[in-house]
Amino acid sequence: MMAHRIITQIFGGLGNQMFQYACGRAMALRTGGDCVLDLRDFFAGPGQEPGLHHLNTVSCQLPDSEMPPMQSQRLRYLLWRGLKLEPRLIRQKGLAFDPEILGLDGNYCLRGYWQSERFFADFAERIRQELSVKTEPDDKNAGLLAEIENQPAVSLHIRRGDYVKDAKTNAVHGTCSLEYYSRAAQHIAGHMEAEPVFYVFSDEPQWAVANLDLRFEMRVMDHNDSSRNYEDLRLMSSCRHHIIANSSFSWWGAWLNPSEEKIVVAPNRWFADASMSNPDLIPDSWVRLET
């Protein structure tokens with residue numbers, strides 16, 4: 001008998017791609033099926049591109065003839081949707097965790113963001129290994145990895161870019177305030193024996209240099225561009241503790257750290273738009289502070 005196929009549509013920035021992979025891969029493991037990554041309709045924001053090939057992901061390839069139709073194949077797509085042909089399309093309902101996903105068994109095509117560890121918590125260790133970076137670090141990043149391992153290192157991520165420059169995106173997401181980062185730094189420092197060293201990651205590192213004052217040692221990482229964001233992901237996850245932005249990228253930078261002793265500070269409100277909420281996004285063990 002042919003194994004079930006779980007096709008997960010991949011789009012958005014690297015953090016979103018990782019959530020999509022994690023949900024689809026866990027579903028495949030749960031049902032004894034194959035995980036297939038569908039990038040044919042990939043879209044993302046400025047400077048964002050597919051990045052899962054830099055990670056230890058596990059997936060199989062299918063010929064186009066065995067893939068569901070793309071939206072550009074309008075008639076075939078409408079027939080597939082309307083007749084509910086296999087693989088059945090499962091679109092995410094809202095933003096929160098949907099327990100129905102865990103009970104599905106068959107051939108499915110997933111489309112959504114799936115931003116909760118509850119979609120893959122039963123395979124957390126496996127997912128953490130598969131979403132670790134496999135591309136070898138260059139000399140600069142290898143040196144920083146060794147440095148971080150020997151420091152009381154705390155990652156701090158500031159997301160700006162389209163969150164600031166695009167009015168619609170800003171209205172949805174907003175940004176974390178400087179006060180949030182200051183309070184988060186104080187919280188983590190108060191739980192550490194040694195004075196922390198903050199490794200700051202941002203899509204606008206010069207803004208961080210000019211505006212961020214934590215009253216602790218800071219080392220702003222400005223050497224990896226967007227095409228090497230996986231390098232920043234690896235550096236972040238190597239730190240002992242984490243301060244994340246309302247960003248799926250820094251969520252993963254913290255989650256990939258396997259330490260049970262880690263402290264993760266996250267913004268209490270993920271979306272600036274009051275009508276949007278995902279109560280299942282932040283793990284229970286993480287600390288939430290007002291932004």
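This is a predicted model: local features need pLDDT of at least 70, side-chain atom pairs count only at pLDDT 80 or more; totals for chains, interfaces and linings use all residues.
Start with the cysteines: searching the whole structure turns up zero disulfides, a disulfide being a pair of cysteine sulfur atoms within 2.5 Å. Select C23, which is in no disulfide; its nearest cysteine sulfur belongs to C35, 9.7 Å away. C23 is buried, at 0% relative accessible area.

Residues are numbered from 1 along each chain as its sequence is written, and side-chain values use heavy atoms, with hydrogens and water left out.

Next, the inside. Select F120, L131, W251 and W252: in the largest nonpolar core, which has 53 residues, these touch the most other members. (A nonpolar core is a set of buried Ala, Val, Leu, Ile, Met, Phe, Trp, Tyr and Cys residues joined through side-chain atoms within 4.5 Å.) Elements giving two or more residues to this core include α1 (14-31), β2 (34-38), α4 (139-149) and α10 (248-255). (Helices are DSSP runs of H or I with at least four residues, strands are runs of E with at least two, and both are numbered from the N terminus.)

Zoom in on L131. Ignoring neighbours within four places in sequence, L131 is in contact (heavy atoms within 4.5 Å) with M18, Y21, A22, L52, L55, T57, W252 and L256. Then pick I158, A185, I188 and L214, which are among the 22 residues of a second, separate core.

Go to the loop between α2 (74-83) and β3 (88-91), where P87 lies. A cis peptide bond joins E86 and P87, with omega about -5°. K84 lies in the loop between α2 and β3 as well. K84 isn't a glycine, but has a positive phi of about 55°. Is K84 buried or exposed? At 57% relative accessibility, K84 counts as exposed.

Last stop: W114, in the loop between β4 and α3 (124-130). W114 also has a positive phi of about 55° without being a glycine. At 1% relative accessibility, W114 counts as buried.

How values were computed: Buried means under 20% relative accessible area, exposed over 50%, partly exposed in between (1.4 Å probe, protein chains only).
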